[in-house]
Amino acid sequence: MMALRRIDPVGLLVLPAVLYLGLVYGLPLLNLLARALVVDGVPSLAGFVKFFSDPFDWIVIGNTLRIAVLVTLLSLAIGFPTALALARARGAAQALILVAIILPLSVGVVVKAFAWQIVLRRDGVVSQALVALGLWDEPQRLLFTEAGLVIGAANVFVPFMILPIYSVVKLIDPRLGEAAATLGAAPAYRFFRVFLPLALPGIVSGIAFVFSMAVSMYVVPNLLIGDRFQTLATLTGRSFLLMRNEQLGSTTAVVLLVLAVSVVVASSALSRRFGGQS
Amino acid sequence: MDTISRAGLSRRSILKAGAAAGFTLAAPGLLRAQTKELVVGGAASHKPWVEQVVIPNFEKKYGAKIIFEGTKSLVNLEKMQKNKGSQYLSVVQMDDPVMILAVKEGLLDPLTAAKAPNLAELVAGATHMDGMWANYLQPWLGIAYNKTAMKTAPTSWADLFDPKYKGRIIIPSLQNTEGLPSLFIAGHLATGASFAAAQKDTDAGFKKLAGIKANLLTIYTQMPQAYNLLEQGEAWMIGPAMSSFASERKAAGAPIELAAPKEGVFAMPSGIAVVKGAPQSELAFAYVNELLGAALQAQLVGPTASLGTNKATPKPAGLPADLTVHQIDWANVAAERSNWVSRWDREMAL
């Protein structure tokens, strides 16, 4: 009875989530880990040794991280100002921006990827615009290039950058900036020393969301860059589905998981340190 | 019942009910006369021609009922594995690579000329693993091209490598069954070796294929996406392209055409086999025999844009009479595919 009383009853509210995640996420994950660490029926690290000693697999890791970082940066560049605009907007304008952000989420990734195929093709609007602006001499190929993949993937994930930033920024008291101004802080100083540290938790969650989705995306690269660009996610899918090589598949899945988790944890640790959060 | 409750018991409704009761009593006799039932497992895409052509022909001839379950080859395999010992499927229509798996699991009853006489009438290479299964139809692989972008039709597989088509070519992934011949074609073009030899020694093929990279728009794993790009004019050629899919798009009004290169086309595998321990085994062999027969195949080659496998089946309209059809060694594919895909990943990367 004493032990039970010490548990905060509110804490019990997480029970359904813990049960659910334990069952449909934790157990399969353990199973996956176990398979990666067993070679021919005996516990072994041979699968990982083999994976990391193949230069091609390092290229795949490089592809995965590079694309995920670029997609996250582009989403941040587009999402941050949008989130500010959304937080400052009032009434119909705010509703309009929200709808514009949330509605595309209801469109499937496959539909979006097909739409990008039309937009990015040689006679598509992006190519035409770049030629009209004089940046390109003639229409060039954007489809099935890394640039095309980054642009398309950022489009899919940008709402997950905007919404967390918005939810934090809208709570920042605008008078704080005014107060800093009365104390003689220049706009740049106000932004970097007052606004940004307060907005940082939202930015970090946005980055964590987008990065973890971009690093593990499977359908988007399949449709926007095709078979010639392997990432850890596509390699995992293929190992299980086509090559029936469970050992390789679970190894790549574990590598992907470790990479994604460490980047997310590191970014949130960094933000705590530099953002002065406790 | 509705009639009775709404209109009350009139003389007419009683007469109707009586007639219905009489029919119900007689029905078991009628049903007993029709108990010969055969369940065939195939691909969902087979459903139209099986139901429109095969079933009416067969039911008329044998007085038996056919139930066709259209799904995927791997699902059919699963059904056979799960029901081992008490099979309900009698016949399966599956792709050859899946047939190999079914043979390994001991799920198939070999075909013999005694049980299916048409087996003796097939072209070379259409019977596999000592008669474990046979090909009843062969969709073929040629080059699909956009008619608006290409004024003249491609005539050779070498056209795919022509530098003037920079960024305009799509090839299938080696993951896709129709993608395998790219490797054999490249080998043949590089050394002049026969296609049979090029399947065994793929090294020259891989080296030659690296030369197509500048021409590639992409390598597809999703066929509809590739055809979408071809129809929009972003891609000009897809090769190897499956006749059954290309002709379906063409029939739907897409501005595309399918060419048969002079070096020959490749036969894609549409296999048929009898399930081991199948109910109605005799009827199952009869069904297979019908599909291997020239009469039925002649009716199917048009709608499926495929080649027949019976020597007496005429080629579908629009194909040259002296067309060479190359066969793929699926057992070799099954043994080598993982290695090929692994090398392909490295050498065909962006």
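Visitor: Over residues 61-269 of chain A, how far apart are the end C-alpha atoms?
Guide: This is a predicted model: local features need pLDDT of at least 70, side-chain atom pairs (heavy atoms, no hydrogens or water) pLDDT 80 or more, and totals for chains, interfaces and linings use all residues. Residues count from 1 along each chain as written; chains are lettered from A and ligands numbered from 1 in written order. Residues 61-269 of chain A are 77% helix and 0% strand, both taken as DSSP runs (helices H or I, at least four residues; strands E, at least two) numbered from the N terminus. The gap between the end C-alpha atoms is 23 Å.

Visitor: How many helices and strands does chain A have?
Guide: The C-alpha trace of chain A spans about 75 × 70 × 35 Å along its principal axes. Its tally is 14 helices and two strands.

Visitor: What percentage of the residues of chain A count as buried?
Guide: Buried means under 20% relative accessible area, with exposed over 50% and partly exposed in between (1.4 Å probe, protein chains only). Chain A has 278 residues. The buried share of these is 37%.

Visitor: Among contacts in chain A between residues at least 6 apart in sequence, what percentage join residues at least 24 apart?
Guide: A contact here has heavy atoms within 4.5 Å. In chain A, the pairs considered are at least 6 apart in sequence. Those joining residues at least 24 apart make up 70%.

Visitor: Is A:Val254 buried or exposed?
Guide: A:Val254 sits in helix α14 of chain A, residues 246-275. Its relative accessible area is 10%, so A:Val254 is buried.

Visitor: Which residues does A:Val254 touch, not counting those up to four places away in sequence?
Guide: Sequence neighbours up to four places away are set aside.

Visitor: How far is A:Val254 from A:Leu232 in space, C-alpha to C-alpha?
Guide: In sequence, A:Val254 and A:Leu232 are 22 residues apart. In space, their C-alpha atoms are separated by 9.7 Å.

Visitor: Which residues that line the second largest pocket are the closest to its centre?
Guide: A pocket is an open set of points on a 1 Å grid over the protein atoms alone, where a 1.4 Å probe fits, with protein on both sides within 12 Å along at least five of seven lines; lining residues have an atom within 4 Å of a point. The second largest pocket holds about 430 Å³, the space filled by probe spheres set on points joined across faces, edges and corners. Its lining has 20 residues, and the closest to the centre are A:Lys50, A:Asp54, A:Asp57, A:Asn245 and A:Leu248.

Visitor: Which helix gives the most to the lining of the second largest pocket?
Guide: From chain A, α3 (46-52), α4 (55-88), α13 (232-241) and α14 each supply at least two lining residues. Chain B brings in α13 (330-347), also with at least two. With five residues, the most comes from α13(B).

Visitor: How many helices and strands are there in chain B?
Guide: Along its principal axes, the C-alpha trace of chain B spans about 85 × 45 × 35 Å. Among contacts in chain B between residues at least 6 apart in sequence, 74% join residues at least 24 apart. Chain B contains 13 helices and 14 strands.

Visitor: What percentage of the residues of chain B count as buried?
Guide: Chain B runs to 350 residues. The buried fraction is 51%.
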